[in-house]
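Here are my notes on this model, as numbered points. Please read them with the structure open.

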Amino acid sequence: MRSSPFPSRPLPLPLLLLLSPWPAWAQTPAAPSPSGTPGLPACPEACSCAPGGQTNCSALALPAVPAGLGRRVRALLLDHNRVRALPPGAFAGACALLRLDLRENGLRSVHARAFWGLDALQQLDLSANQLEALAPGTFAPLRALRSLSLAGNRLARLEPAALGALPLLRALSLQDNALAALAPGLLAGLPALDALRLRGNPWACGCALRPLCAWLRRHPRPPAEAETLLCVSPERLTLSPLSAFSDAAFRRCAQPLAPGELAVVYALGPASFLASLAACLALGSVLTACRARRRRRAAARRPPRRPPDPDPDGPASAADPGSPAAAHAHAHA
């Protein structure tokens, strides 16, 4: 038998690795990322992250906003959790966030600085919570906001200072709250608003409802939706649709002051009070001085009283014949 020209010794291990069609490192599976979906960095623990920047933390019984939010997060789904309060800077780091969903968390309080840093946020859903009031300036940093839902809360009053000026807001949902009217000036700070959800509130048809009725006339509603906006008080207007009130119905109401007029009142009010007080003090001083001068003049015109002549001998005696009294008595005798 003919021998093989190649030696029969086994090849060294490095040479076997080089001759292998698939390198060893290519056959090892990739290790998952420390938290969240594999291959996506900066994903909060227990949440799942998807390409495009969506972070899904829904229905995880989370008691607070998860840590680890970064600039890659574009949409944050935190609905159906247990976030009862939003502290200052609750979303620090998520400066590129565009959509935030906080539905059904039992949310009761939102700090005035909770949304600081979310300058790019466009959609915010706070519906189906337990909010009763909102602090002034709560939504002021959200200048890019286009959609805001506060439906299904316990809001009895919504101040203009809470919303602030939101120039791009187009949709506002206030349905299913406890609102009897909208505060004057609330809608004035929302120039782009064209979708306003209002049903399910105990509207009181009075003078306070004038701004809302004026807005509804400028933005007609579909008939089915307009029929659901009804007064529940006073009794004579119960179940009257809000769209039925024209501006003439409010002619007995005092016209609210414009912002410029309010500024004049606030500026001149204290100044006029101080001026009136100073004028009263000056007038009182003048009257007091005039009375004192009159008294001095009267005292100067009155003749001085002559003091009685001193009688060194004491009172005159009727028995003394040389006394004036004795002479007078003798003359009449």
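1. Salt bridges. A search of the whole structure finds 7 salt bridges. The term means a side-chain nitrogen of Lys or Arg within 4 Å of a carboxyl oxygen of Asp or Glu.

2. Basis. This is a predicted model, in which local features need pLDDT of at least 70, side-chain atom pairs count only at pLDDT 80 or more, and totals for chains, interfaces and linings use all residues. Residues are numbered from 1 along each chain as its sequence is written, and side-chain values use heavy atoms, with hydrogens and water left out.

3. R103 and its partners. R103 forms a salt bridge with D101, with the closest N and O atoms 2.9 Å apart. D101 is buried, at 4% relative accessibility. Here buried means under 20% relative accessible area, exposed over 50%, and partly exposed in between (1.4 Å probe, protein chains only). R103 also forms a salt bridge with D79, at 3.7 Å between the closest N and O atoms. R103 lies in the loop between β5 and β6 (109-110), and D79 in the loop between β3 (75-77) and β4 (85-86), so the pair ties together parts 24 residues apart in sequence. Strands (E, at least two residues) and helices (H or I, at least four) are DSSP runs, numbered from the N terminus. D79 is buried at 8%, whereas R103 is partly exposed at 29%.

4. A second pair. R199 and D176 meet in a salt bridge (4.0 Å, N to O). R199 lies in the loop between β10 and β11 (203-204) and D176 in the loop between β9 (171-173) and β10, so this pair links parts 23 residues apart in sequence. R199 is partly exposed, at 40% relative accessibility. D176 is partly exposed too, at 35%.

5. Network. Salt bridges with shared partners join D79, D101, R103 and D125 into one network.

6. Sheet. D101 stands opposite D125 in β7. β5 (residues 99-101) and β7 (residues 123-125) pair in the parallel sense over 3 bridges; pairing requires at least two DSSP bridges between two strands. An open sheet of 8 strands runs in the order β1-β2-β3-β5-β7-β8-β9-β10, with mixed pairing. Its edge strands are β1 (48-50) and β10 (195-197), each pairing on one side only.

7. Core. The largest nonpolar core has 61 residues; among those touching the most other members are L86, F91 and F115. Such a core is a set of buried Ala, Val, Leu, Ile, Met, Phe, Trp, Tyr and Cys residues joined through side-chain atoms within 4.5 Å.
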